[in-house]
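Please look at the sequence and the 3D structure shown here, and keep both in view while reading the report that follows.

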Amino acid sequence: DLAAPHAGRSGLRPDPFAGQLTDIFPVFTNSEESIFLSVVLRTPQSEDLPHKSPKAFDISPRCLPVRGNTLSLWRELGYWVFALHTEGKLLYCQATSVSSPAPDASLVREIRIAITQLSMQGVRAEPSNALVWCSNPETDTSLLATSLSLQAELTPRPAPVLPQPLSSLLP
C-alpha cells in the first residue's frame, strides 16, 4: 500500500482503529508510467459519523459525472470545492476555505497552485473547460474563465452516481 507510507511522510498517520481511511485509484497507466489518485481521510470524530454504519462510502468528487479534461467546481458546506479530471477520471480534488458566493481570485489562486504542484510531480493537469455547479443562475464565472483561459459553464450540480469500482474507504 503506497498511500500509508506517503501519508506518514506527510505527517498524516491514519488511526488503524478508525476504519479504512486510505484508498488508491488508478487514473492512468501505460508501460512507462502510472498515475494514481491517493485518498487519505482524517480520523473522524464520533459526532461526525452517522448513527448507522453505511454499506459503502466514497468521496463526493468521484460520484459526480464528468467527461474529458475538466475542472469542476461546486460548494459543499458553504465552501468551494474543485476537482481536476483527465479523460473523465478524477485526478485531483481539494476542499478550500473560500466561501465567496462566486469563484473569486483566492479560489483561482488555489486552483493554479494545485495545477502547478501536479506539474512539478510530472502530472499534466490541463483542463479544457470548467463546470461550475451552482444553484444560483446569477453566479458570476467570468473571473474564473478569464483567469484560467477556460470556457466556464454554469449548471446545477448533477445527481451523484456510484463510481466503479467503489472505494474501500469506510470510516
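Strand 6 (residues 129-133) is mostly covered, since four of its five residues are buried, where buried means under 20% relative accessible area with a 1.4 Å probe and protein chains only. Strands here are DSSP runs of E with at least two residues, and helices are runs of H or I with at least four, both numbered from the N terminus. This is a predicted model, in which local features need pLDDT of at least 70 and side-chain atom pairs count only at pLDDT 80 or more, while totals for chains, interfaces and linings use all residues. Residues are numbered from 1 along each chain as its sequence is written, and side-chain values use heavy atoms, with hydrogens and water left out.

| Partner of strand 6 | Bridges | Residues standing opposite |
|---|---|---|
| Strand 3 (residues 70-76) | five bridges | leucine 71 and alanine 130 |
| Strand 7 (residues 151-155) | five bridges | valine 132 and leucine 154 |

From strand 6 the chain passes through helix 4 (residues 142-148) to strand 7 in a right-handed β-α-β crossover, that is, clockwise over the helix with the strands pointing away from the viewer.

How values were computed. Buried means under 20% relative accessible area, exposed over 50%, partly exposed in between (1.4 Å probe, protein chains only). Two strands pair if DSSP finds at least two bridges between them.
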